[in-house]
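Hi,

Here is the structure I promised to pass on.

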Amino acid sequence: MASEELVTEQFKFFGINVEQDVLIKCVNLCEENNIDAETFIEQWMAFSLNYVNGASPNLENLDLFVRKEFSKRRTNASAKETTRPAAGKSLTVYGAKATSPPDSEVLSSYVAVTPKRVKIEKDATTNQNDIVPATYSPTVGSAKYASRTNAGTVVHSYGDEKLLQELGKANSSNDVLSLKITQVPNDDDEVYTKAMLGFELLHEKASTFDNHIRYISQYIMKKAGVKESTSVRHKTQTNVYVAGRIECDADARLNAKCVVLQGTWEESLSQSVPVDFDNVYQYSLFPGQVVVLRGINPRGDRFIAQEVYCDAIQQLPDHKFDIAGKLSMVAVAGPYTTSDNMAYEPLKDMVTYINTHKPHVVIMTGPFIDSEHSKVKDNTMAETFSSLFGKILDSLGELSNTSPITKIYIVSNFKDAFHVNVYPTPPYVSRRKYPNIHFIPDPCTLTINGIHVGVTSTDVLMHISQEEISLGTGGDKLSRLASHVLSQQTYYPLCPAPVPLDTVLWDAHTQLQSSPHLLVLPSNFRYFVKDVNGCVVVNPEHLTKGTGGGTFTRVLIDSDNATKRIAAQIVRI
């Protein structure tokens, strides 16, 4: 049974000190309701967070706690008692006739407890649908974010001028389009449950990468008009072509003096050879990149390159855009709260924007609860991460009432504290179903009535940039980085990867079946919208930047069966 010592110990576990009279009342309540100290404290903490903003117990809120929690139990118990036949005097209870001995204690169990209505004062900043987590300390918003003066500013525009003039206009609830949105399937229809996360077999991993090298190199050779290649160790003083994957033969970053080329098993028995790039006037290389080199290998132990081929960009898929109207989209990338709090003010403003402008499709990439956030790492939240994510989904789910034409596609992220830490990342799961919310994996390709839209939530541009070396490329670096994704036909071509990459999932879920018409690549790089080999690449940046607000992208697509027009703008939240 409960005692003052046990109750005090349980309260101290949550960092709560109580006065003696409150402690005595808590012990009495445990005895009256036949519950132990641990159960009582757990029920109190749940009540305190839901009704009194996490306040410590006192005599007044304990009375409210009794009326809220234990009166329900007594009422339920009395309802069960009315169905029990017993010998003795007949009693009329709630209109039903039952027999019971005329005992005052038994009679009291049939008396309905009607507590008084008590007005609970709540924080003016919170309501039923607020996206504020339960915490042991008050949640304060970001002063820097609240004081911003550039909200709604268009900072970059791209595309057709006529479409740009219409891009900022809001849709009405009557602007309904007949949309058919599907996820592009993988060739082998693999699912995430087939992967043994963290238990990769080395020979299967080697075979997967070898198949990728062989497939991409053959595609490069076909586009370059190269008919055949040879072993990377083949001795020759005449120009030959060799195919393989770029690797680094040093503990530091890749540089021109430590590049090696790993060949395929079929041609080179997976052997590697150092490569000399002194005679190459133009190249752009990174670890994991599949290339075809032209050059000589006089002694078989060093390949002297003359030219680099790495173009395996696919053609855009044929499309029949059969929509009677213009398709409006919004692309936004997490995190969705500033770095100094968990108030989710930027996300609330994003919900307000969606509610006002009513786009047809919204693509939201994680993380929603960043595992690296200071307020997540300091363990001050008084609820589970999944519970907080449920609040976020509830706020987005309510848009089905105010903006019924909007479909929201949420892309997972391995940085989310409530999700699995693996890349590629399976879609989120929610017990509650929302008619306007759809979960998709990272990465993913969607088809919207014939328009292919590729999206990932991982900063692949920054990761490649940190490892890439280049010479004589000039031009736009961001376009070049984006072209690596298209030319390698995979959302994540870097290897080794600074992400928790699973090879089986990488092979099944990151390959591009074709170049998409629109490619969303969120990054810490400055926002941009660029045409890369016919593909419109968008970096919306992030909705938050430190303690301030960030940006998002809105897109308008108009097309007939022959041509398509895409306009996009980067907007500050």
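The axes of helix H1 (residues 4–13) and helix H2 (residues 20–33) come within 9 Å and cross at roughly 110°. Axes here are lines fitted to C-alpha atoms, for helices over the stretch in contact, and angles run from 0 to 180 degrees between N-to-C directions. On the H1 side, Glu4, Val7, Thr8 and Phe11 meet Gln20, Leu23, Ile24, Cys26 and Val27 of H2, where contact means heavy atoms within 4.5 Å. By class, the contact of H1 with H2 has 6 nonpolar, 2 polar and 1 charged residues (nonpolar: Ala, Val, Leu, Ile, Met, Phe, Trp, Tyr, Cys and Pro; charged: Asp, Glu, Lys and Arg; polar: the others, Gly among them).

Before I go on, the provenance: this is a predicted model, so to speak of local features I needed pLDDT of at least 70, and side-chain atom pairs count only at pLDDT 80 or more, while totals for chains, interfaces and linings use all residues. Residues are numbered from 1 along each chain as its sequence is written, and side-chain values use heavy atoms, with hydrogens and water left out. Helices (H or I, at least four residues) and strands (E, at least two) are DSSP runs, numbered from the N terminus.

Now the sheets. One is open, with 7 strands in the order S3-S24-S23-S11-S12-S13-S14 and mixed pairing (two strands pair if DSSP finds at least two bridges between them). Strand S3 (154–158) and strand S14 (437–440) are at its edges with a single partner strand each, so one side of each has no neighbour in the sheet. The twist averages 20° from one strand to the next. Strand S13 (residues 407–411) pairs with S14 in the parallel sense over 4 bridges, and valine 411 stands opposite isoleucine 440 in S14. Helix H12 (residues 385–397) lies across S12, S13 and S14, at about 130° to S14.

The other sheet I looked at is also open. Its 6 strands come in the order S4-S15-S16-S18-S20-S19, with mixed pairing. The edges here are strand S4 (181–183) and strand S19 (528–532), each with a single partner strand, so one side of each is left without a neighbour in the sheet. Strands S16 (residues 451–455) and S18 (residues 518–520) run parallel, joined by 3 bridges, and valine 453 stands opposite leucine 518 in S18. H15 packs on this sheet, touching S18, S19 and strand S20 (535–539), and its direction makes about 55° with that of S19.

So how much of H15 is buried? For helix H15 (residues 477–487), it is 10 of the 11 residues, so the helix is largely enclosed by the rest of the structure. Buried means under 20% relative accessible area (1.4 Å probe, protein chains only). Aspartate 476 caps the N-terminal end of H15, with a side-chain oxygen 3.1 Å from the backbone nitrogen of leucine 478.

After H15 comes glutamine 489, whose phi is positive, near 60°. Glutamine 489 sits in the loop between H15 and helix H16 (503–509), and at 2% relative accessibility it counts as buried. Its side chain makes a polar contact with the side chain of glutamine 314 (3.1 Å); a polar contact is a pair of N or O atoms within 3.5 Å, and within protein one must be able to donate a hydrogen and the other to accept it, with residues adjacent in sequence counting only if both atoms are side-chain atoms.

Cheers

Conventions: Buried < 20%, exposed > 50% of the residue type's maximum accessible area, 1.4 Å probe, protein only.
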